[in-house]
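Q: I am new to this structure. Please show me how to read it, one feature after another.

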Amino acid sequence: MSLRDRLSEVRRRPHLYGLTTFGEVAAFVTGMDAATEWKFLKGFREWLAYKSDLGANLAWQVLVIRIAYPSEENAFWVAASHDESGEAVAVLFEELDSFLASRETAEAE
């Protein structure tokens with residue numbers, strides 16, 4: 001199973017993997033990145049920063065949360081540690097899938 005397929009499985013059934021909050025999903029995705037010697041998410045932060053017009057100096061986790069909750073100042077702490085982080089989890093999976101598809105298309109050319 002490819003990493004993108006695994007991510008799709010996690011997206012479909014996060015509770016099966018013990019993931020209930022954005023922080024847990026972000027840690028899982030970071031673990032996937034570590035397992036590939038930091039190649040899985042290479043360019044993801046920059047891609048998010050460019051796409052969202054937010055600061056390129058922010059971590060990808062913060063960028064995802066700012067995209068998910070653009071008007072909430074303390075959204076990071078809520079999304080990282082509470083069950084109300086469903087929107088941030090959805091945005092993470094959407095953006096990551098879009099990024100991986102974009103990268104696959106670029107690599108195929």
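A: Start with exposure. Buried means under 20% relative accessible area, exposed over 50%, and partly exposed in between, with a 1.4 Å probe and protein chains only. At 52% relative accessibility, tryptophan 38 therefore counts as exposed. This is a predicted model: local features need pLDDT of at least 70, side-chain atom pairs count only at pLDDT 80 or more, and totals for chains, interfaces and linings use all residues. Residues are numbered from 1 along each chain as its sequence is written, and side-chain values use heavy atoms, with hydrogens and water left out.

Q: How many helices and strands does the protein chain have?
A: Helices (H or I, at least four residues) and strands (E, at least two) are DSSP runs, numbered from the N terminus. The protein chain has six helices and zero strands. Along the sequence the pattern reads α-α-α-α-α-α.

Q: What share of the protein chain counts as buried?
A: Of its 109 residues, 35% count as buried. The accessible surface of the protein chain is about 6600 Å², and 52% of that belongs to carbon and sulfur atoms. Such areas come from the Shrake-Rupley method with a 1.4 Å probe; for residues, only the protein chains shown count as cover.

Q: Where is tryptophan 38 found, and what is its phi?
A: Begin with the general idea. Most residues other than glycine have a negative phi. Tryptophan 38 has a positive phi of about 65°, although it is not a glycine. It is found in the loop between helix 2 and helix 3. Glutamate 37 lies in the loop between helix 2 (22–35) and helix 3 too. Its phi is also positive, near 55°.

Q: Is glutamate 37 buried or exposed?
A: Glutamate 37 is exposed, with a relative accessible area of 60%.

Q: How do I read the packing of helix 3 and helix 4?
A: Two packed helices are described by the angle between their axes and the distance between the axes. Axes are lines fitted to C-alpha atoms, for helices over the stretch in contact, and angles run from 0 to 180 degrees between N-to-C directions. Helix 3 (residues 44–52) and helix 4 (residues 60–68) pack at about 30°, with axes 9 Å apart. That makes helix 3 roughly parallel to helix 4. Angles under 35 degrees count as roughly parallel, over 145 as roughly antiparallel, 65 to 115 as roughly perpendicular and the rest as oblique.

Q: Which residues make the contact of helix 3 with helix 4?
A: Contact means heavy atoms within 4.5 Å. Helix 3 brings Phe44, Arg45, Leu48, Ala49 and Ser52, and helix 4 brings Trp60, Leu63, Val64 and Ile67. By class, the contact has seven nonpolar, one polar and one charged residues. Here Ala, Val, Leu, Ile, Met, Phe, Trp, Tyr, Cys and Pro count as nonpolar, Asp, Glu, Lys and Arg as charged, and the others, Gly among them, as polar.

Q: At what angle do helix 2 and helix 4 cross?
A: They cross at roughly 140°, and their axes come within 11 Å. Helix 2 and helix 4 are therefore oblique to each other. Phe22, Ala26, Val29 and Thr30 in helix 2 meet Trp60, Gln61, Val64 and Ile65 in helix 4. By class, that contact has six nonpolar, two polar and no charged residues.

Q: Is glutamate 95 buried or exposed?
A: Glutamate 95 is buried, with a relative accessible area of 11%. It is found in helix 6 (residues 86–108). Not counting residues up to four places away in sequence, glutamate 95 touches Phe44, Trp47, Leu48, Lys51 and Ile67.
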